[in-house]
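Subject: Structure handover

Hi there,

Here is the structure I promised to pass on to you. Have a look at it first, and then read my notes below.

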Amino acid sequence: RQPATTPAPTHRQPSAPVYTPPTLPPRTYNRPTTPSYKPTTPAPTYNPPAPAYSPPSAKSLSNEPAQYEFNYAVNDQYSGSNYGHQENRDGYNTQGSYFVHLPDGRLQRVNYSVNGDSGFLARVSYEGEAQYPAIGKPVRVGYN
């Protein structure tokens, strides 16, 4: 017997690939013509609240002159602030005063009055002697 021989392999040139797009299934979804959402509660309504104010009283609309008095004072040891104000008004007559401790150690006092159309009449006075520290020595007095 003769030895078995295997035939020599044969090679062929590969063919160019051919693209074929996939086939799409037919469209089965149709968009609804009306929205499918239906709210279960009615749309909210706005009812504005009733006004919380009352019309002005007859007294506030009157032409009567004002009548008041006030006062305040500040004396803060830490900052050195010391000042105040006081005023009284009865009709067209106003009297008052204010004071402030100045950084130079004096007290400035202003007394004023207004009587009708007389204008603002002020009397300014100072109490104490102005003190100026020597240069180079920091001093903590008022407004510092």
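This is a predicted model: local features need pLDDT of at least 70, side-chain atom pairs count only at pLDDT 80 or more; totals for chains, interfaces and linings use all residues.

His101 stands opposite Leu107, a residue of strand β4. The strands are DSSP runs (E, at least two residues), numbered from the N terminus.

Residues are numbered from 1 along each chain as its sequence is written, and side-chain values use heavy atoms, with hydrogens and water left out.

Now for the sheet as a whole. It is open and has 5 strands in the order β1-β2-β3-β4-β5, paired antiparallel; two strands pair if DSSP finds at least two bridges between them. The edges are taken by β1 (67-76) and β5 (121-127), and each has a single partner strand, so one side of each has no neighbour in the sheet. On average, neighbouring strands are turned by 10 degrees against each other, direction ignored (axes are lines fitted to C-alpha atoms, with angles from 0 to 180 degrees between N-to-C directions).

Within β3 you will find Ser97. With a relative accessible area of 16%, Ser97 is buried (buried is under 20%, exposed over 50%, partly exposed in between, using a 1.4 Å probe and protein chains only). Which residues is Ser97 in contact with, leaving aside its neighbours within four places in sequence? They are Gly84, His85, Gln86, Val110, Asn111 and Tyr112, where contact means heavy atoms within 4.5 Å.

Next come the charged pairs. Side chains of opposite charge can pair when their charged atoms come close. The model has 2 salt bridges, each defined as a side-chain nitrogen of Lys or Arg within 4 Å of a carboxyl oxygen of Asp or Glu.

- Arg106 and Asp104 meet through their side chains at 2.9 Å, N to O. Asp104 is buried at 11% relative accessibility, whereas Arg106 is partly exposed at 23%.
- Glu127 and Arg109 form a salt bridge at 3.4 Å, N to O. Glu127 belongs to strand β5 and Arg109 to strand β4, so this pair ties together parts that are 18 residues apart in sequence. Glu127 is partly exposed at 39% relative accessibility, and Arg109 is partly exposed at 27%.

Happy exploring, and do write back with any questions.

Best wishes

Key: Helices (H or I, at least four residues) and strands (E, at least two) are DSSP runs, numbered from the N terminus.
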